[in-house]
Number of protein chains: 2
Amino acid sequence: MNKLDLIRGAPNADGGALAPIQDYLNEIHARVSKIEGGAPADYIPELGKVDPTLFGIAIATVDGQLYTVGDARVPFTIQSVSKPFMYGYALQHHGRPRVLQKVGVEPTGEAFNSIVLDEAANRPFNPMVNAGAIAVAEMMQGDTLKQRTNNMLELFSSLAARKIDIDEAVYKSELATGHRNRAIAYMMLNTAMIEHDPEEVLELYFRQCALSVTACDLAVMAATLANDGTNPVTDHKIFDTQYVRDVLTVMNSCGMYDYAGEWAYEVGMPAKSGVSGCIIAAIPGQIGICVYAPPIDSQGNSVRGIAVCQDMSREFQLHSFYNHTNVRSVLRRDYRADLVRSNRLRTLEERTLLAEEGRKIAVLEAQGALFFGSTEQLLRKLTELAENSKYIVVDFKRVHHADNAACKLIGRAVRAMANSGTELVFASIDTEGSLDRLTRVLSETAEGHALRQFRDADAALEWCEDQLLAGKGSSVGTKFSLNQINLFDGLTVEECRLVEGIVRPLVFDKGDVIMREGDPAKLFFVLARGTVSVEIKLHDKPGRHKRVASIGPGLTFGEMALLDGGTRSADVIANEKVICYGLGVEELHELAAEHPNVMITILGNLTREFSERLRHANEEISVLE
Amino acid sequence: MNKLDLIRGAPNADGGALAPIQDYLNEIHARVSKIEGGAPADYIPELGKVDPTLFGIAIATVDGQLYTVGDARVPFTIQSVSKPFMYGYALQHHGRPRVLQKVGVEPTGEAFNSIVLDEAANRPFNPMVNAGAIAVAEMMQGDTLKQRTNNMLELFSSLAARKIDIDEAVYKSELATGHRNRAIAYMMLNTAMIEHDPEEVLELYFRQCALSVTACDLAVMAATLANDGTNPVTDHKIFDTQYVRDVLTVMNSCGMYDYAGEWAYEVGMPAKSGVSGCIIAAIPGQIGICVYAPPIDSQGNSVRGIAVCQDMSREFQLHSFYNHTNVRSVLRRDYRADLVRSNRLRTLEERTLLAEEGRKIAVLEAQGALFFGSTEQLLRKLTELAENSKYIVVDFKRVHHADNAACKLIGRAVRAMANSGTELVFASIDTEGSLDRLTRVLSETAEGHALRQFRDADAALEWCEDQLLAGKGSSVGTKFSLNQINLFDGLTVEECRLVEGIVRPLVFDKGDVIMREGDPAKLFFVLARGTVSVEIKLHDKPGRHKRVASIGPGLTFGEMALLDGGTRSADVIANEKVICYGLGVEELHELAAEHPNVMITILGNLTREFSERLRHANEEISVLE
């Protein structure tokens, strides 16, 4: 079922919900249903007519999963729960300085409908009291009231992921009886806290309060705040992250009226309540919650709503200062190239060199989010590894986000390390759109230095290995003759000459397919010069290939032809101009009929080679696990 | 350098600090040094004598790394920054209900030294105003003032990770001039908000305010709050996590006096300031900060302290509602047993069966912290995997913490899944002390069901494979005869008989060492009945072994003896009563001299076997990467 269907309330929309959480919701709903007390608000006549037994709970996760119980799809008017979203809109469209000029951020001990204003700053104290919300309502864009109303409806529709309308009866009731709000508006006009016709500002404000929503809608709206401003159902970005932070801050200090201190202590979620009997709460990075139950207490908060939020905060440990930041988990693992090598197949000589010298190459895999604390850990590990590394590959493959702080710190680290004896090599940075900024910061930082960046850790590691081997005078790039090939070790001079007699020298150009998956296997190859790539088809992505290994001079490929003459299991492609020796399997078998030791020697060498590769692969698996 | 040396201020203690963060601190220190304004507090005569140019910053991470700049080791008196820690002490030793009875949690718009009390509840409004702090000071345990003073000194010494003393001059100055606090104490005695002699309570309170500390000390104390109550330098648990949450909540709403709203908006860190010109802030899970610069503004907050915290919050994105919760990262990876198998070596028949049926076994690796949001993701993935799995292994190896919410949810999931067609198998739960609770909850939950738990994912996977193979009527456990062994495939009847002639049947008991690492390799073995383990010595842990594979009937081990007659590379130990066939390598070579095809066939089979194992190992590496 798609996420929009869930929101729109397909009949058995909750059927797929996860049992443990659904069970909890059923239990808490049953338990809190027994709590009596409070009464529906009646200062707006229309609100007093509600069925006081209505009771619904909805939870929306940051990836759009919805859990509901009870009357979660019964419509009611949003009332003050509209305030944080209108405030988010004002910040988004006017920016912080302009909004702060019009309304403050100081909590006040006064009631939500207080007429007390911050006269020193000439603005209402905060956007969660009516005065502040009226000032914020004035900031809705549009030339006419109709346009402003439409823009407001569009905002809330995009927040709820469905079309939201006004409950006309409640709107008219508020318009007719909202004397106190009218008084507030005229007080504000008197000191120029608002500039337009108070009646028009109030009409929009009353409409905003009379929006008809359900607990499901409000859970999705709260989840949008929990999800850094992106609606988790539509993936539509509604508020910038910085403004979400401002909205949550003000909800946290001013969202529950006089109950703020105790709420912060007992429940500790940024929240907002409305006199229609709803409470929303946003748990950043996790969920949005809405509870709807009309009877409210003397402070204007839903009695059952508070009971549910208290229980949920305790049961699920959702308090803001419940710490689940774990900076240490940024270090996924680190290893050195003596134990884990790149996919480049190497000659015995190279392998021996890498086993001895590979410790000078370190690979550090980061994971998760990079923010101050986790980046500090990462850079500290980097500093530690640098002490005995010539090369460090930093792999960002599993980093899903790097904030500004992280980008700047990494940039500073690159500069600091530029003149040390260690070369930093970056891998997998630009594969993810979310690391754009890091790429930019690194390029800026690198100005003047060579910034090494590779598509993935394997390519980076291969490059580091090549550097190390080149420095050690290894034979990379030189041409191998047949008697230098490990596969023929142990053959007598005469046997070697016999094998040479059936060898065909072959030349390929860059990009040539030397052998192709599925073709009959009739030759096996010894690489004399150049490198080749071994690629397999990705069965889940037709037409796409994955490079599983690269092979350099002195090594063999297609050896399985020796055994069963079956078909090729991979493509082998020349990376550059390549010279290799092809050995016909049939000719070799004919030769072996008279000289069995040729075959025994070659198979013995092959077994030893495979066994060594297998031993290394198992070591690698054990490091990677 | 050890952490305690760092704190105690070894001469070049900061030499090892990480360049990027140290650079930032140097820059911000230089920049903010230019900010003038404010004046040192002088309501206590002794405080007015301070050098107003002193300016130090210290940051301590949750694992005890210290970064400092400027006058970070100059002593000053702690003043109001003592309040949150005394509050934590009161909660820790008297419990929440008793403490809430004595002091509230509501912010107040009044000044810190206000005499206004919450007369309705008959308690001071909160523990951050002087009245509340005096009520909290009364809760220090000890029969005499001397004992209470000693307990207080012990508390702060354990928080700072070094011995803390009282600045007698400041203490005497406060004692002599603290008339307003004396008035507050007597007001409180009047309404029984305190019960003991006000002079004795005040003496402790003045001593608490006159503790002599440095910015380094306070950074470590703040980091203790950031680190869930465990001092990151000494690893000593000082406050329970739940009380840390309460302390942070009150710091957040009441820590910065009148500046609370704007501080929450602009800086957004739970913080506390003191009139000596210090501010501490705690970033849960990340760092503790202390800035010391004596000139304070009219609200009592250090001018430079606020400037540094504002900049640091912006630069490092440390605002409380800066969201770096990432619930999705709990899913490390999942795979199925057709691609990744246990370390049990299997016969061709078994491998074929597992390649076909292995998809029915899923392995799900969790990582990081399990809390509500991440557990919801984990359980949702579990539900998804269960749709086409007979067995699911849930591996907790990389889960470092599971909170109550997570334990309960997982317990509920186990119950819910008990009667489905999928069997849940848990791995690596009790290896970590932090998962104790989960073990307990799972055992309770499992009451009546068989809860399957294995030491690690490999053992769990092997068990699932065995179940699957047993269900398919595989030959696990039956005895193999020589002509069923893959290694001899392709030998003629006569050749087979020749080989049988040189075979020695061998029987081992459980625990017997069949071959030992380093011994000369003279036999290779074919396992006919039972299973054996291959173990290697852990070179970094002398005397410890790691099981790298287990081998079942129909498979060979010690084959490398065939090739070079070198030494054994691992121990092989019988898991139970085992029957195997030993083949002398020398005899085999003698046989091959006359019948070369025997050797060619065996080596060919061996190469094929290794090649297949290598292919599988590479597939596994590619899945594990």
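The legends below describe close-up views of a predicted model.

**Figure 1. The contact between chain A and chain B.** Chain A brings 100 residues to this contact, and chain B brings 100 residues as well. The size of an interface is often given as the accessible area lost when the parts come together. Between chain A and chain B, the buried area is about 8,900 Å². Carbon and sulfur atoms give 60% of that area. Of the area that chain A buries against chain B, 11% is supplied by Y265(A), F321(A) and F372(A), more than by any other three residues.

Figure 2. A salt bridge joins R380(A) to D63(B), and the closest N and O atoms of the two are 2.8 Å apart. On the side of chain A that touches chain B, the largest share comes from helix 21 (residues 596–624) of chain A, with 18 residues. The residues on that side of chain A are 46 nonpolar, 26 polar and 28 charged.

**Figure 3. N252(A) in helix 10 of chain A.** N252(A) has its place in helix 10, which covers residues 241–254 of chain A. Is N252(A) buried or exposed? N252(A) has a relative accessible area of 13%, so the residue is buried. With neighbours within four places in sequence left aside, N252(A) is in contact with M269(A), P270(A) and S320(A) in chain A, and with N252(B) and F321(B) in chain B.

**Figure 4. S276(A) in a loop of chain A.** The loop that holds S276(A) runs between strand 6 (271–274) and strand 7 (278–283) of chain A. S276(A) counts as buried because its relative accessibility is 7%. A polar atom of the side chain of S276(A) lies 2.6 Å from the backbone oxygen of T77(A). Not counting residues up to four places away in sequence, S276(A) touches L47(A), F76(A), T77(A), I78(A), Q79(A), Y292(A) and P294(A).

Figure 5. Most residues other than glycine have a negative phi. Q317(A) is not a glycine, yet has a positive phi of about 50 degrees. Q317(A) sits in the loop between helix 12 (303–316) and strand 9 (331–336) of chain A. With 14% relative accessibility, Q317(A) counts as buried. S428(B) is not a glycine either, and has a positive phi of about 60 degrees. The loop that contains S428(B) lies between strand 13 (423–427) and helix 17 (436–446) of chain B. S428(B) counts as buried, at 3% relative accessibility.

Figure 6. A disulfide is a covalent bond between the sulfur atoms of two cysteines.

Notes:
Residues numbered from 1 in each chain as written. Chains lettered and ligands numbered in written order. Predicted model: local features only at pLDDT ≥ 70, side-chain atom pairs only at ≥ 80, totals over all residues. Heavy atoms only, no water. Contact = heavy atoms within 4.5 Å. Buried area = accessible area lost by both parts, 1.4 Å probe. Salt bridge = Lys/Arg side-chain N within 4 Å of Asp/Glu carboxyl O. Helix = DSSP H or I, 4+ residues; strand = E, 2+ residues; numbered from the N terminus. Nonpolar A, V, L, I, M, F, W, Y, C, P; charged D, E, K, R; others polar. Buried < 20%, exposed > 50% of the residue type's maximum accessible area, 1.4 Å probe, protein only. Polar contact = N/O pair within 3.5 Å; in protein donor to acceptor, adjacent residues only side chain to side chain.
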